[in-house]
Amino acid sequence: MPLPTFSVCVMIGRDESFVYECLTSALSIANEYVLVYDKLKIDNVSISNVKNFVKDNPKAIVKEFYREWDTGTKQKQFMIEQATKDYVLCLDADEILSDNCIELKSVVVEADKKGIDAFSILGHC
């Protein structure tokens, strides 16, 4: 049985100085990244950080979309619709996964074997 795969989806706005760290923290989980930029607020800091991440991680699959911001709910729904993997992890660009969350993949693998297909993470990772 193949391991379940993960799409890591990130909404990016203005001056997202932590986006590089956010993306890097999910490397051990992500099979693909889906990035949605607020095209009216995007700035050079955010774009540079994403470009540096892609340059430093050439094997990472990164899909980028530029959209006018509607609501957070609609942006998140759009990201999820673009995701192509078994599971979706949605993050804000200033969220960085801790080591506890990195273990999430092994928890999901075990749950997947039991037929569980949706999760809610309570507390802080």
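Q: Which side chain does D70 meet in a salt bridge, and at what distance?

A: A salt bridge here is a side-chain nitrogen of Lys or Arg within 4 Å of a carboxyl oxygen of Asp or Glu. In this structure the side chain of D70 meets that of K74, at 3.4 Å from N to O. This is a predicted model, in which local features need pLDDT of at least 70 and side-chain atom pairs count only at pLDDT 80 or more, while totals for chains, interfaces and linings use all residues. Residues are numbered from 1 along each chain as its sequence is written, and side-chain values use heavy atoms, with hydrogens and water left out.

Q: Are D70 and K74 buried, exposed or partly exposed?

A: The words follow relative accessible area: under 20% is buried, over 50% is exposed, and the range between is partly exposed (1.4 Å probe, protein chains only). D70 is partly exposed, with a value of 43%, and K74 is partly exposed as well, with 46%.

Q: How many salt bridges does the model contain by this rule?

A: The count comes to three. Besides the pair of D70 and K74, there is one between K113 and E110, whose closest N and O atoms are 3.3 Å apart, and one between the side chains of E32 and K63, at 3.0 Å from N to O. The partners in this last pair lie in strand β2 (E32) and strand β3 (K63), so the bridge ties together parts that are 31 residues apart in sequence. Helices (H or I, at least four residues) and strands (E, at least two) are DSSP runs, numbered from the N terminus.

Q: How far apart in helix α5 are K113 and E110?

A: They are three residues apart in α5 (residues 104–113), and therefore separated by about one helical turn. K113 is exposed, with a relative accessible area of 54%, whereas E110 is partly exposed, at 43%.

Q: What surrounds E32, and is this residue buried or exposed?

A: Contact means heavy atoms within 4.5 Å. Leaving out residues up to four places away in sequence, E32 touches F6, S7, V8, I61, K63, Q82, A83, T84 and K85. For T84 there is a further detail, as its backbone nitrogen lies 2.7 Å from a polar atom of the E32 side chain.

Q: In what order do the strands of the sheet stand?

A: Two strands pair if DSSP finds at least two bridges between them. The open sheet has four strands in the order β3-β2-β1-β4, with parallel pairing. Its edge strands are β3 (62–67) and β4 (87–92), each of which pairs on one side only. Neighbouring strands are turned by 20° against each other on average, direction ignored; axes are lines fitted to C-alpha atoms, for helices over the stretch in contact, and angles run from 0 to 180 degrees between N-to-C directions. Six bridges join β2 (residues 32–38) to β3, and L35 stands opposite E64 in β3. Six bridges also join β1 to β4, where the partner of F6 is Y87.

Q: Which helix lies across these strands?

A: Helix α3 (residues 72–82) lies across β1 (6–12), β2, β3 and β4, running at about 145° to β2.

Q: Which residues of β4 make up its covered face, and which its uncovered one?

A: In a regular strand the side chains alternate between the two faces of the sheet. In β4 the covered face holds Y87, L89 and L91, and the uncovered face holds V88, C90 and D92. D92 is partly exposed, with a relative accessible area of 34%, and beyond its neighbours within four places in sequence D92 is in contact with V10, M11 and C22.

Q: Which residues touch the most other members of the largest nonpolar core?

A: A nonpolar core is a set of buried Ala, Val, Leu, Ile, Met, Phe, Trp, Tyr and Cys residues joined through side-chain atoms within 4.5 Å. The largest has 23 residues, of which V8, V10, I12, L23, Y33 and L35 touch the most other members. At least two residues come from each of β1, α1 (19–25), β2, α2 (44–56), β4 and α5, and β1 gives the most, with four. L23 touches V10, Y33, L35, V50 and F53, not counting residues up to four places away in sequence. A second, separate core of seven residues includes C9, V36, M79 and A83.

Methods: A polar contact is a pair of N or O atoms within 3.5 Å; within protein, one must be able to donate a hydrogen and the other to accept it, and residues adjacent in sequence count only if both atoms are side-chain atoms.
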